[in-house]
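Reader: I would like to learn how to read a model of two chains, one feature at a time. Where should we begin?

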Amino acid sequence: MEKEIGIFLCNCGGGIKNIDFDAVREKLVQISDVAFVAVSSALCLEEGKGTIVSTIKDKGVEKVVIAACSPEFTEHTFGEVLEKAGLNRHLLAMANVREQCAWAHQGDVTKKAIQLIKMAVNRARLLQPVQKKELPINKDVLVIGGGFSGLNIALQLSRLGLRATVLEKEAVLGARLGEAESFSSCDMGPMISEVESDDNIEVLTSAQLVRIEGNVGNFSVRIQKAGEEIPRKYGAIVVATGYRTQLMASSEPDSGGKILSQAELCRMLAAQSLEKQPRTVGFIFDFADENSRFPTLATLDNALAAKEKWDSEVYVFCKSVKVDSKGAEKLYREARARGIVFLKCETPPKVLAKNGRVEIQAQDILMGEDTVFACDVLVAEQQILPAEDADILSSLLNVGRDSKGFYQDENVHLYPVALERKGIFVVGGCRGDLDGGRVLSDISSAVMSIYELLSPGKIVVDSEKVKANPQKCVACLTCFRVCPHSAIQLMRAENEKEVAQVADAACDACGICAAICPAKAISFEGYTDEQIVAQIEALGTS
Amino acid sequence: MSKEIVAFCCQHSAYPAADLAGKSGLRYAENVRIIRVPCAGRIDVIHILKAFEKGVAAVLVLGCEEGACHHITGNDRAKERVKYAEMLLKEVGADGGRVKMYNLSPNAPHKFVKILDEVSKKIADEEKQK
């Protein structure tokens, strides 16, 4: 048998004490296709790497097994070393004899180490090279939504030299911001004019996305504007479609303009003169969702403004006021100090219209009594909901939403702005109930991720690491349905039937398709069925 | 040497958790053999059955926490397949309880060790009864 496998053992500079490396070596050299077993004390240092390169070149092995620390730390490094030695980086199998063997057990673990290395040798035997390839990409960015987040992102990308198209479904930019919910929110005017005069930014109003194809770096989209479909190409897409608010149903639906939303109150506050200034103002919030950031901040802010501007009596009916926004505690304390009364109740108070005023019946938990207040105006509780067309857009983009309908559940692996489909980012209010600080950090994260992705002008991907065999594929579309990254497309193989094809750029190499394919047409190099089973075959033999 | 326990570990969660267990000096049964996979969803019924064919004591599939899978649905798919494998094992008269799916996060070495301790104890108890 040809001696094609070289094994390197590392004792981690003496950090692995309970493995007898000489015994391991003796056992391993007996494997028929192992060319050599080299023991070193620090493979990851420059000297060790040099030894690996020279030994591989010297002995002319084709596959390499390294038994050392966890591949989580060093697989990448050793892959580079293999490339230096003229081997493909995927022809490396690692055995984790440090974290998951020597350090995890007491006493001598030589036997376990031998078995782990044998498992790696079995896998190495079946490994095939995977080539890298470069794909040219488009450096333009599509920003869906012309609100605060969308405009901010477009401006920041423009400063970095990337062109952006802002897609706004309304006729003007920042349409929703006219109805600000928080009295001291920023003025969008200067930002809008800056966007409109920026040469790198194209603004398409009254327009919407109708079709999207392709993958990260090369999305082809169709935009509908004034009855026409405009085809465009982009490298990345940002979803910044914001949120909407809805008044929670109160017991009395209408009482002659006495029950308001935050935005309506803001308009009253901004008005130069009012017929009659409200002497008592009530707020209800906190009952629908205890950690609602935006309603909490808007309530505190508007309550302070009402106190300041009208010198009204302000009563806030709330549950517990616990919110994790920066500065919220300070606002709350300030509100208390200025004489705003917070009444904490377990259940939402009852609202009734009476004599041209609003009566609020609440059970104060501190006094344990039913209390009745009459207010001139009441700001009812508002819920933060995803934008109306979130379901249409998410199905167009083929990305998931959380239980409330916002984009991207707080998945720790994607957090904060990435979506499961590569090259699509999600920012701001469409991602959930966020406060201003979080929106700003979202914007920065997205700008950084996009710049990192697009600025080189190309992306380097593994070529055909996950591959569907056109002969075996029966186009049942199972893989197409299950792929979480939208990486599988249907292609017509040369004048033949349609078959599944994995897009290298979009693939995140999870192997879900390989496991689910009923025809076993999809192979995932590095983790093929044979390579996984080969590791199992090494069990029970030592 | 006692029979092995095969643990298919997702490289985004259980595998780093196992590394962390080793680094933190936590101890667990020596007969555990960890096979690194890119996602628990890569595991197919055949892999589980092959392991039993090889005579292992138990097969564990360890993936990301529910709702926090790196590949969104990988852990759910793995769960379904483990259930299916369990059904097949029962059908041929084997102990279906010897294949199990667990969810854990990459920073949960204690949970990793707890899972293995539980499984080892269960196997030891069952062996005693025989």
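Predicted model: local features only at pLDDT ≥ 70, side-chain atom pairs only at ≥ 80, totals over all residues.

Reader: What area is buried between chain B and chain A, and what share comes from carbon and sulfur atoms?

Author: About 4000 Å² is buried between the two chains, with 56% given by carbon and sulfur atoms. On the chain B side, the residues that lose the most area to chain A are Arg36(B), Arg42(B) and Lys54(B), which together make up 17% of what that side buries.

Reader: How many salt bridges are there between chain B and chain A?

Author: A salt bridge is a side-chain nitrogen of Lys or Arg within 4 Å of a carboxyl oxygen of Asp or Glu. Between chain B and chain A the count is five. One of the salt bridges in the model joins Lys54(B) to Glu537(A), with 3.7 Å between the closest N and O atoms.

Reader: Now helices. What span is expected of helix H3 of chain A, and what does it reach?

Author: Helix H3 of chain A, residues 71-84, has 14 residues and reaches 19 Å from first C-alpha to last, close to the 20 Å expected at 1.5 Å a residue. Helix H9 of chain A, residues 293-310, passes the same kind of check: its 18 residues should span 26 Å, and the end C-alpha atoms are 26 Å apart, which agrees.

Reader: Which residues of H3(A) are buried, and what covers them?

Author: The buried residues are Pro71(A), Thr74(A), Phe78(A), Gly79(A), Val81(A) and Leu82(A). Their cover includes helix H2 (46-59), strand E3 (63-68) and strand E4 (92-96) of chain A, and also H1 and E2 of chain B. As for H9(A), that helix is mostly covered, with 15 of its 18 residues buried.

Reader: Where are Ser486(A) and Ile72(B) found?

Author: Ser486(A) is in the loop between helix H13 (478-482) and strand E26 (488-492) of chain A, and its phi is positive, near 50°. Ile72(B) is in the loop between strand E3 (58-63) and H3 of chain B, and its phi is positive too, near 65°.

Reader: Why does Ser486(A) count as buried, and why does Ile72(B) count as partly exposed?

Author: Buried means under 20% relative accessible area, exposed means over 50%, and partly exposed lies in between. Ser486(A) is buried because its relative accessible area is 11%. Ile72(B) is partly exposed because its value is 26%.

Reader: What does the side chain of Asn75(B) reach?

Author: Asn75(B) lies in helix H3 of chain B and counts as buried because its relative accessibility is 2%. The side chain of Asn75(B) reaches the backbone oxygen of Cys64(B) at 3.1 Å. Leaving aside neighbours within four places in sequence, the contacts of Asn75(B) include Cys69(B), Met101(B) and Asn103(B).

Reader: How many salt bridges does the structure hold over all chains?

Author: The total is 40. In one of them, Lys132(A) pairs with Asp462(A), the closest N and O atoms being 3.0 Å apart. This pair links distant parts of the chain, 330 residues apart: Lys132(A) is in strand E5 and Asp462(A) in strand E24 of chain A.

Reader: Which residues are linked in a network of salt bridges?

Author: The network links Asp95(B), Arg98(B), Lys122(B), Glu126(B) and Glu127(B). Within it, the side chains of Arg98(B) and Asp95(B) meet at 3.6 Å, N to O. Arg98(B) counts as buried at 10% relative accessibility, whereas Asp95(B) counts as partly exposed at 37%.

Technical notes:
Residues numbered from 1 in each chain as written. Chains lettered and ligands numbered in written order. Heavy atoms only, no water. Buried area = accessible area lost by both parts, 1.4 Å probe. Helix = DSSP H or I, 4+ residues; strand = E, 2+ residues; numbered from the N terminus. Expected span 1.5 Å × (residues − 1). Buried < 20%, exposed > 50% of the residue type's maximum accessible area, 1.4 Å probe, protein only. Contact = heavy atoms within 4.5 Å. Polar contact = N/O pair within 3.5 Å; in protein donor to acceptor, adjacent residues only side chain to side chain.
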